[in-house]
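Take a look at the model first, and then read on.

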Amino acid sequence: MSSAISESLRDEPNSQAMLSAQNLFCERDERVLFSELNFALDKGQVLQVQGSNGSGKTTLMRILCGLNDSYEGSIYWHGEKIERQTESFFASLLYIGHRAGVSKVLTPIENLRWSCSLKQQIDDEQILSALAEVGLRGFEESPCYTLSAGQQQRVSLARLLASPAQLWVLDEPFTTLDRTGVALLEKMLQTQAASGGAVLVTTHHKLDIPALNILSLG
Amino acid sequence: MTIEQSTIKQTTMAAAFIATLKRDLLISFKKKNDVVNPFMFFVIVVSLFPIGISPDSDRLSEIAAGVIWISVLLASMLSMDNLYRSDYEDGSLEQLLLSPHPLFFMVLAKNLSHWLVSGLPVVLISPLLAYMLNLPQAAYFTLICSLLIGTPIMSLVGSIAVALTVGLGSRGLILAVITLPMSVPVLIFGTLSVQASLNNTSPAGYLALMLAMLAVAVSLAPLASATALRISVN
């Protein structure tokens with residue numbers, strides 16, 4: 001079995017990369033979103049996925065996270081197919097989609113207590129300091145339906161700070177943020193890259209990050 | 001600080017299970033409507049029967065078991081809808097699907113929490129309603145036992161249908177169309193067990209069959225729900 005795997009690794013050019021995709025093909029409603037898509041994301045890198053509306057950015061993100069399986073091609077995590085190691089892949093992945101994953105009836109701290117503890121052990125102090133860092137000091141105990149859309153987005157960004165995930169997959173994380181929020185998130189992306197993590201992000205926003213790579217769709 | 005796999009203190013499956021259970025109970029506690037409505041529905045439906053059929057105690061005691069069981073079934077249908085819907089809408093469901101732990105147990109945690117807030121209260125109030133319907137005393141214990149076994153089966157089976165339909169915009173009756181036929185065996189054995197105690201025979205056989213159904217439901221239904229959720233989110 002090990003020889004078979006090393007054989008396939010030798011054929012695989014990006015076996016050392018953290019996340020890589022080979023010959024990705026996706027079709028929706030008889031319209032080809034992308035075909036022969038190849039990329040590799042190594043640690044320390046930020047990859048921005050660009051493309052016009054409807055070019056399949058969100059679909060690509062969901063495919064890479066394992067939420068969508070209507071694709072052809074292969075996705076590798078540390079050189080091995082993700083289907084073979086979903087558990088360790090999910091443990092080191094943090095995904096923030098269009099929908100923030102924040103329950104409106106719960107308070108920010110209750111939301112984070114649950115969503116963080118799906119992946120790692122966490123105590124309230126870590127959560128509180130993450131919430132303070134994203135500018136939600138004083139809102140920890142207010143139900144999320146009383147918060148604005150931008151503040152709810154900040155709650156889900158606090159997950160990034162509270163979690164040591166290696167790979168961040170962020171789908172349009174800048175949309176509802178104000179200017180200070182944008183600056184904060186850019187700084188977070190840089191810190192993540194500098195500390196050996198990797199980020200995959202879709203946005204129309206012009207990112208001011210040194211380690212930035214761009215993938216254009218459509 | 002560099003990110004090392006070893007510095008991540010991963011949660012155990014049990015911790016994630018408990019966190020999910022706690023969160024769902026907390027949400028139910030905060031959205032009291034979702035909890036109280038099915039319960040009130042159950043009480044009201046059962047109280048309508050004496051008014052609609054006859055206040056005659058002999059006739060009521062004949063239909064008591066069936067009335068209670070059917071009302072439980074309808075009340076559970078009413079409460080099923082909010083099992084995954086709000087999670088689907090706010091994106092929490094995606095986070096749940098991306099948990100490194102088996103989705104089977106996460107779904108089981110959600111089902112357990114759902115039963116605790118919707119099934120258990122109904123079981124607890126049922127003796128009072130049975131008294132109202134003049135159910136003979138000999139059958140009380142069997143009724144409670146059969147409901148205690150039957151309501152979690154309904155939660156588990158209903159969860160499959162909700163998971164299948166959570167992505168649909170308007171689903172109307174489809175939930176009932178999927179769930180009710182699957183709940184019929186529970187209804188049959190539930191009422192039969194109560195009838196058996198009324199006829200002074202042992203209900204143990206029926207209850208054992210229901211326990212077997214519960215065992216099958218606990219071990220297989222979350223698996224089906226988990227797969228259905230993955231399809232719905234896809």
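1. How many residue pairs are in polar contact between chain B and chain A? The count is ten, with both residues of each pair at pLDDT 80 or more. Please keep in mind that this is a predicted model.

2. Together the two chains bury about 3,300 Å², and 57% of that is on carbon and sulfur atoms.

3. Three salt bridges are counted between chain B and chain A. One to look up is the salt bridge of A:R62 with B:E94, where the closest N and O atoms are 2.7 Å apart.

4. Now to chain A itself. There you will find an open sheet of five strands with parallel pairing, in the order β6-β7-β8-β3-β9. Its edge strands, β6 (93–96) and β9 (212–216) of chain A, each pair on one side only. From one strand to the next, the twist averages 15°.

5. Within chain A, strands β7 (residues 167–171) and β8 (residues 198–202) run parallel and are joined by five bridges. In β8(A), A:V201 is the bridge partner of A:L170.

6. Two helices of chain A lie across strands. Helix α6 (residues 149–162) lies across β6 and β7 of chain A, at about 170° to β6(A). Helix α7 (residues 179–194) lies across β3 (46–50), β7 and β8 of chain A, at about 155° to β7(A).

Key: Residues are numbered from 1 along each chain as its sequence is written. Chains are lettered from A and ligands numbered from 1 in the order in which they are written. This is a predicted model: local features need pLDDT of at least 70, side-chain atom pairs count only at pLDDT 80 or more; totals for chains, interfaces and linings use all residues. Side-chain values use heavy atoms; hydrogens and water are left out. Buried area is the accessible area (1.4 Å probe) that two parts lose on being put together, summed over both. A salt bridge is a side-chain nitrogen of Lys or Arg within 4 Å of a carboxyl oxygen of Asp or Glu. A polar contact is a pair of N or O atoms within 3.5 Å; within protein, one must be able to donate a hydrogen and the other to accept it, and residues adjacent in sequence count only if both atoms are side-chain atoms. Two strands pair if DSSP finds at least two bridges between them. Helices (H or I, at least four residues) and strands (E, at least two) are DSSP runs, numbered from the N terminus. Axes are lines fitted to C-alpha atoms, for helices over the stretch in contact, and angles run from 0 to 180 degrees between N-to-C directions. Contact means heavy atoms within 4.5 Å.
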